[in-house]
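Please look through the sequence and the model below with care, and keep both in view as you read the paragraphs that follow.

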Amino acid sequence: GLIARPARGGFDSQALVRHNVATGLLSGALAKLGNRVDPGEAITAGLLHDLGKIILNVSRPEVVLNILDPASTKLGESRLGKEQRLLGANHAVVGAMLASQWQLPPTLVSTIELHHHPAVTALESYTPRIRELTATVFIANQLAKMLGYHGDDREIDLPSAELLPSLGLPNSYEEVLATLPPTTHRSLQAFLGEAVAA
């Protein structure tokens, strides 16, 4: 129901759904490729990573409209930084708060909150499971945007030097994309192609 509600000038709900589905599919594929994270948990975390944007679309559409307005962006300000400035929190924190209220597992709550943190491997206060799942979703999020499933946010966050190798993945986003099995690309095209046509 939250997704179906009109954006009223906010985030494009359908593009956001496509981005989340692409991130979920890519998270599962990366989990299988790196063999460090449970693929099912990775898919779920990828699907839910931008939960906060869906909530903001419904609860604060006027602020979302301002977030999307390039004229209100300060020089050198990231989208996440702009959200923080205008809302006092960003969509990752909002999503984690809702996931916690829904009593989702703590691993998913932390992953939703940290999914934009490129140095997640350095977050020593978190368990290896949370760090690896968050790193997987972080990378899948960037790959989804690179493949054109970006919704409203086209910013590609660069990984820290150790992020990809820590998951047993190649050393660049381009190499990771080239390593993914053809079935992953076919799944994205088939599922998301149908979503675009609907």
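Within what distance do the axes of helix 1 and helix 8 come, and at roughly what angle do they cross? Before answering, note that this is a predicted model, in which local features need pLDDT of at least 70 and side-chain atom pairs count only at pLDDT 80 or more, while totals for chains, interfaces and linings use all residues. Residues are numbered from 1 along each chain as its sequence is written, and side-chain values use heavy atoms, with hydrogens and water left out.

The protein chain holds 11 helices and 0 strands, where helices (H or I, at least four residues) and strands (E, at least two) are DSSP runs numbered from the N terminus. Of its 198 residues, 47% count as buried, a term that stands for under 20% relative accessible area, with exposed meaning over 50% and partly exposed in between (1.4 Å probe, protein chains only).

To return to the opening question, the axes of helix 1 and helix 8 come within 8 Å and cross at roughly 125 degrees; axes here are lines fitted to C-alpha atoms, for helices over the stretch in contact, and angles run from 0 to 180 degrees between N-to-C directions. The two helices are therefore oblique to each other, since angles under 35 degrees count as roughly parallel, over 145 as roughly antiparallel, 65 to 115 as roughly perpendicular and the rest as oblique. Where they meet, helix 1 contributes residues including His19, Leu26 and Leu30, and helix 8 contributes residues including Ile139 and Leu143, a contact being heavy atoms within 4.5 Å.

Several of these residues also belong to the largest nonpolar core, which has 20 residues, and Leu26, Leu30, Ile139 and Leu143 are among those with the most contacts inside it. Such a core is a set of buried Ala, Val, Leu, Ile, Met, Phe, Trp, Tyr and Cys residues joined through side-chain atoms within 4.5 Å. Helix 8 (128-146) is one of the helices that each supply at least two residues of this core, as is helix 1 (13-34), and the largest share, 6 residues, comes from helix 8. Leu143 touches Leu26 and Leu30, and its partners also include Tyr173 and Val176, not counting residues up to four places away in sequence.

Helix 7 (residues 106-114) is mostly covered, with 7 of its 9 residues buried, among them Leu108, Val109 and Ile112. What covers these buried residues includes helix 2 (39-48), helix 6 (91-101) and, once again, helix 8.
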